[in-house]
Amino acid sequence: MRSKAIWGYDATFMAACRPALTVTADDFQQSELQIAIRRDRIVGIAQVLCHGEIAELDKLFVEPEALGSGIGRKLFDWSVEAARRKGATIMTIDADPGAADFYRRLGAIDDGVIASTVIPGRFLPRLKLDLAGVRAA
């Protein structure tokens, strides 16, 4: 929630996002999850869902005080490798508009927009990453 809030969303929006941002017990069985820890504290998380050759980067969040430290890039690299291990060749990313440039810098390209599952009438940039063309840092 703290990571999402850096984009200046109001309390109503953030409350509406809480269910979509919550990691559930099912997530541990149905997806690949990775956390980043610094000084015994969780500072980031990534979640990848795989559907055959298509993987979805469902979550990638970094604590605000850890932004710019490379943790986001490390979690992204882990996500790419997790998707590849599951046989995916493409990874989709339904990005927060504020985070889209981060993914573009890492090689993702725009692939249209997708309707928000949280806020009716809101659309998110959909990005796509060819996993064969990405090199980990």
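How many of the 137 residues of the protein chain count as buried? The share is 38%, with buried meaning under 20% relative accessible area (1.4 Å probe, protein chains only). Keep in mind that this is a predicted model, where local features need pLDDT of at least 70, side-chain atom pairs count only at pLDDT 80 or more, and totals for chains, interfaces and linings use all residues. Residues are numbered from 1 along each chain as its sequence is written, and side-chain values use heavy atoms, leaving out hydrogens and water.

Now for the overall build. The protein chain has five helices and six strands, which are DSSP runs (H or I of at least four residues for helices, E of at least two for strands) numbered from the N terminus. Along the sequence they follow the pattern α-α-α-β-β-β-α-β-α-β-β. The C-alpha atoms fill a box of roughly 40 × 40 × 30 Å along the principal axes.

Next, the largest pocket. It holds about 910 Å³ of space, the volume filled by probe spheres set on grid points joined across faces, edges and corners. On a 1 Å grid over the protein atoms alone, a pocket is an open set of points where a 1.4 Å probe fits, with protein on both sides within 12 Å along at least five of seven lines; lining residues have an atom within 4 Å of a point. There are 40 lining residues, and Leu60, Phe61, Asp94, Asp96 and Tyr103 lie nearest the centre. Strand E3 (54-62) is among the contributing elements, and E3 gives the largest share, seven residues. The lining divides into 22 nonpolar, eight polar and ten charged residues; Ala, Val, Leu, Ile, Met, Phe, Trp, Tyr, Cys and Pro count as nonpolar, Asp, Glu, Lys and Arg as charged, and the others, Gly among them, as polar.

How values were computed:
Buried means under 20% relative accessible area, exposed over 50%, partly exposed in between (1.4 Å probe, protein chains only).
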